[in-house]
Amino acid sequence: MREEKSPFVVGSDWLQERLGDANLRIIDASWYLPAHARDPKAEYAAGHIPGAVFLDHDAISDATSGLPHTLPSPEAFAAFVGALGISETNTIVVYDGPGFFSAPRAWWMFRVMGAPDVYVLDGGLDGWTSEGRPVTPEATAVSPAVFTPTFDESAVTSFHQMTEIVGDGSRQIADARSLGRFSGEEAEPRAGMRSGHMPGARSLPAGSFATNGHFKSLPALQKLVADAGIDLEKPVVTSCGSGITAAIITLALQSLGHSDNTLYDGSWSEWGSRADTAIATGKL
């Protein structure tokens, strides 16, 4: 019997069968930490899935926030992705190199901005190429499109809201950073930032949601979330280092039918850099 999978994840067979479809838009949403020693733009130029455009997470963020990767305004988002030829009415497939690192952030952004038909490619580009599927270095021809945003502001948690959540426990907090960063045993990769976690947070490392680049089955995701102490009957806010990998937890939660979840967009880049925020250490 086929293991139950996320409704938001598509396989390489599914995508290859649809290459060239007029309403399909494919997005390389790769982004990496310095430790990965990978250059997403260079990799895209060397070879990408035919028809894919490159989405630059640094360029699409709000440059006025003073933080990395915060959501732009709906108007700025619409202009950016419209220039890439993407409309909210398209079927959109996003991918990154390893499968589930930065692609879920793009999936989340498009959904928050009102695109309903968005998926993440299981296995990522690494899996796609390992299976001998087609890639091309040729630039994708783009015809500008109109993206009409419908911004779901309730899906995004602000710093002010996060301080209230930490204070009153009104939402469970799921942290996607590594356990070492969560516990305070590892230094943060960004200089001048304190280590540890928000009081009351639970550790759900982003790397635990996929095996060899493939998203875990729904039963495995459910066990992973439960083992971390997250109750799917209660609201959740997700967080990480800069708002990228928190979306992996969001993807898992929504795959399990959990709808009352938000993403703290400032994440640890904001919380850990301030002197007036409460920080806990240890593994719980």
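**Cores, helices and rings**

Author: Start with the largest nonpolar core: of its 52 residues, Ile27, Trp108, Phe110, Phe209 and Phe215 touch the most other members. Apart from it lies another core, of 14 residues, among them Val10, Tyr95, Tyr119 and Leu121. This is a predicted model: local features need pLDDT of at least 70, side-chain atom pairs count only at pLDDT 80 or more, and totals for chains, interfaces and linings use all residues. Residues are numbered from 1 along each chain as its sequence is written, and side-chain values use heavy atoms, with hydrogens and water left out.

Reader: What makes a set of residues a nonpolar core?

Author: The members are buried Ala, Val, Leu, Ile, Met, Phe, Trp, Tyr and Cys residues, joined through side-chain atoms within 4.5 Å. In soluble globular proteins, nonpolar side chains tend to be buried together.

Reader: Which residues is Phe110 in contact with?

Author: Contact means heavy atoms within 4.5 Å. Leaving aside neighbours within four places in sequence, Phe110 is in contact with Ile27, Leu55, Phe77, Val81, Ile86, Ile92, Ala115, Val118 and Phe147.

Reader: Why is Arg105 called buried?

Author: Buried means under 20% relative accessible area, exposed over 50%, and partly exposed in between (1.4 Å probe, protein chains only). Arg105 has a relative accessible area of 1%, so it is buried. Its place is in helix α4. Not counting residues up to four places away in sequence, Arg105 touches His57, His69, Thr70, Leu71, Gly243, Ile244, Ala247, Leu263 and Asp265. A polar atom of its side chain lies 2.7 Å from the backbone oxygen of Gly243.

Reader: How do you know that α4 is mostly covered?

Author: Nine of the ten residues of α4 are buried. They are Ala103, Pro104, Arg105, Ala106, Trp107, Trp108, Met109, Phe110 and Val112. Helices (H or I, at least four residues) and strands (E, at least two) are DSSP runs, numbered from the N terminus. Gly114 follows α4, with a positive phi near 105°.

Reader: Which residues of α8 are buried?

Author: Leu218, Leu221, Leu224 and Val225 are buried in α8. They cover an arc of only 120° around the axis, so they sit on the same side of α8. The arc is that of the directions from the helix axis to the C-beta atoms. On the other side of α8, Lys223 and Asp227 are exposed. The buried residues of α8 pack against β10 (214-215) and α9.

Reader: Why is Thr89 called exposed?

Author: Thr89 has 55% relative accessibility, so it counts as exposed. Thr89 is found in the loop between α3 and β4. Its side chain makes a polar contact of 3.0 Å with the side chain of Ser87. A polar contact is a pair of N or O atoms within 3.5 Å; within protein, one must be able to donate a hydrogen and the other to accept it, and residues adjacent in sequence count only if both atoms are side-chain atoms.

Reader: Is Glu188 buried or exposed?

Author: At 9% relative accessibility, Glu188 counts as buried. Glu188 lies in the loop between α7 (179-183) and β8 (202-203). A polar contact of 2.7 Å joins the side chains of Glu188 and Arg177.

Reader: What makes two rings an aromatic pair?

Author: Rings of Phe, Tyr and Trp (its six-membered ring) pair if their centres lie within 6.5 Å; planes under 30 degrees apart count as stacked, over 60 as edge-to-face and the rest as tilted. The structure holds nine aromatic pairs. Tyr44 and Phe54 are 5.7 Å centre to centre, with 50° between the planes, and this pair is tilted. Both Tyr44 and Phe54 are buried.

Reader: Why is the pair of Phe77 and Phe147 called edge-to-face?

Author: The ring centres of Phe77 and Phe147 are 5.5 Å apart and the planes are at 75°, so the pair is edge-to-face. Phe77 lies in helix α3 and Phe147 in the loop between α5 (124-130) and β6 (156-157), so the pair ties together parts that are 70 residues apart in sequence. Phe77, Phe110 and Phe147 form one aromatic cluster.

Reader: Where does the charged end of Arg177 sit?

Author: The charged end of Arg177 sits over the ring of Trp268, 4.2 Å from its centre. A charge sits over a ring if NZ of Lys or CZ of Arg is within 6 Å of the ring centre and within 35 degrees of the ring normal. The charged end of Arg133 sits over the ring of Trp128, 5.8 Å from its centre.
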